[in-house]
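Thanks, everyone. I will take a few minutes on one model, starting with the overall counts and then going through some local features.

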Amino acid sequence: MDRKRDPKPMTRCGCMAAFRMKYDQKSNEWKVVEFASDHNHELASVSDVQFLRSHRKVGESDKAQVQALRKVKTRLYELFQHVDRALARIRHNEAISSYESKHSELAIQTQLGMIEKHAVDIFTRTAFLRVRNEIKHEQLLFVVNRLENDGNRTYTISEYQRQSFTWEVKYYPDDQRMQCSCLFFESYGFPCRHFFTIMKAEHLNQIPSTCIMKRWLKTAKSDPPYKHDSQILDDVIRTARFSALSASCSKMCYFGSRTSEGFEELKSEIARLQLRMEVLCNLNTTTTQDIIRDGLNRDKIVRDPIIVKTKGDYGNTSNPNPKVRRCTICKDVGHTRCKCPSLHTQQADVDGDSSDALNEDMV
């Protein structure tokens, strides 16, 4: 049957955004037939995109490594050891990159010195190298035309010895926002070379904040967004807090490890703060359990059941006439058929009759 399953009611929001393509057999190409970008819901933030189902995938290199480990019959605990070592290398390389970005500066190499200096101060080392590459290519660009519109200026830009290639950039003086026809900023998150041409034409000394994405800044980890929506899961919030605290403590640990006095003082303070955080965590856990026990928000909060110190079913205490166990032989209460007095009496009578008959035979 050519039928698609309807989405779950909790995922239905009536969003009309769509992107459809059609294959043209004559031109042997795929063409876009419909594109609607109007959403009726909030989009995922940059820090939450990685948790979307469409962005969670395993690369070909990771698959090849897993297949190689399977062929050599690697045990499960050995596989996790390899994963731990790989994560340790990733964290080590990330710490080195973070240290180089915070405690070193690259030399200025272009004519836009003030803009490049601003890029060195705010971007990480890897992001700055890509931004500087765009600044270098800006030297081949020049403004062909400029139009004044209501609230914006439209620049037409061309390239040296490539006059057939042109790009249009809209500049909004109110908030210094820019939109380029190359869509480089929307695709990669870095200011394109055409943006720097407009900055030079407008005599800007710094990169506008509207042309900077926070994920490429040096303060991306130390200044996370603390205002979370109610739709964000608690595990995601805890992960973001853990990353922010780890980034904030890295610099403190670096200076504390330089001297023995600083090491001892920092060690004692960490121990004191650890006890304090444990008290706050236990207090929060106890408060949550009290709320559940009192019956508040039972339809919204799902937690572990209350532990009962009995084995099996502890019975229904609300029943005024509970069921009583009776003996299956005499129907009395207080014993079972294994310890029934009538059963023992009958057995004694049988044994007595047997002994009498044996004595008469011997006589």
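What follows is a short walk through this structure.

First, the ground rules. This is a predicted model, so to speak of local features I need pLDDT of at least 70, and side-chain atom pairs count only at pLDDT 80 or more, while totals for chains, interfaces and linings use all residues. Residues are numbered from 1 along each chain as its sequence is written, and side-chain values use heavy atoms, with hydrogens and water left out.

Now the overall picture. The protein has 9 helices and 6 strands; these are DSSP runs, H or I of at least four residues for helices and E of at least two for strands, numbered from the N terminus. Of the 363 residues, 18% are buried. Buried means under 20% relative accessible area, exposed means over 50%, and partly exposed is in between, with a 1.4 Å probe and protein chains only. Taking contacts between residues at least 6 apart in sequence, 38% join residues at least 24 apart, where contact means heavy atoms within 4.5 Å.

Next, helix α4. Its 13 residues should span 18 Å at 1.5 Å a residue, and the end C-alpha atoms are 19 Å apart, which agrees. The expected span is 1.5 Å times one less than the number of residues. Buried in α4 are Ala127, Phe128, Val131, Arg132, Glu134 and Ile135. They are on the same side of α4, because they cover an arc of only 155° around the axis; the arc is that of the directions from the helix axis to the C-beta atoms. What do the buried residues of α4 pack against? They pack against α3 (113-122), α5 (184-188) and α6 (193-201).

Glu138 counts as buried because its relative accessibility is 3%. Beyond its neighbours within four places in sequence, Glu138 is in contact with Leu112, Arg193, Phe196, Thr197 and Lys200.

On to charges. The whole structure has 12 salt bridges, each being a side-chain nitrogen of Lys or Arg within 4 Å of a carboxyl oxygen of Asp or Glu. One of them joins Arg272 and Glu269, at 2.8 Å from N to O. Both residues lie in helix α8 (residues 260-294), 3 residues apart, about one turn of the helix. As a general point, an α-helix has 3.6 residues a turn, so residues three or four places apart point the same way. Glu269 is partly exposed, at 33% relative accessibility. Elsewhere, Arg162 and Glu159 meet at 3.5 Å, N to O. Which of these two is buried? Glu159 is, at 12% relative accessibility, whereas Arg162 is partly exposed at 38%.

Last, the surface. Phe19, Met21, Tyr23, Trp30, Val32 and Phe35 make a nonpolar patch of about 710 Å². Patch residues have over 30% relative accessible area and no salt bridge; like charges are joined within 9 Å, and nonpolar side chains (Val, Leu, Ile, Met, Phe, Trp, Tyr) within 5 Å. β1 (18-24) and β2 (29-36) each supply at least two residues of this patch. Phe35 sits in strand β2 and is exposed, at 60%.

Conventions:
Areas by Shrake-Rupley, 256 points an atom, 1.4 Å probe, with all protein chains shown as cover.
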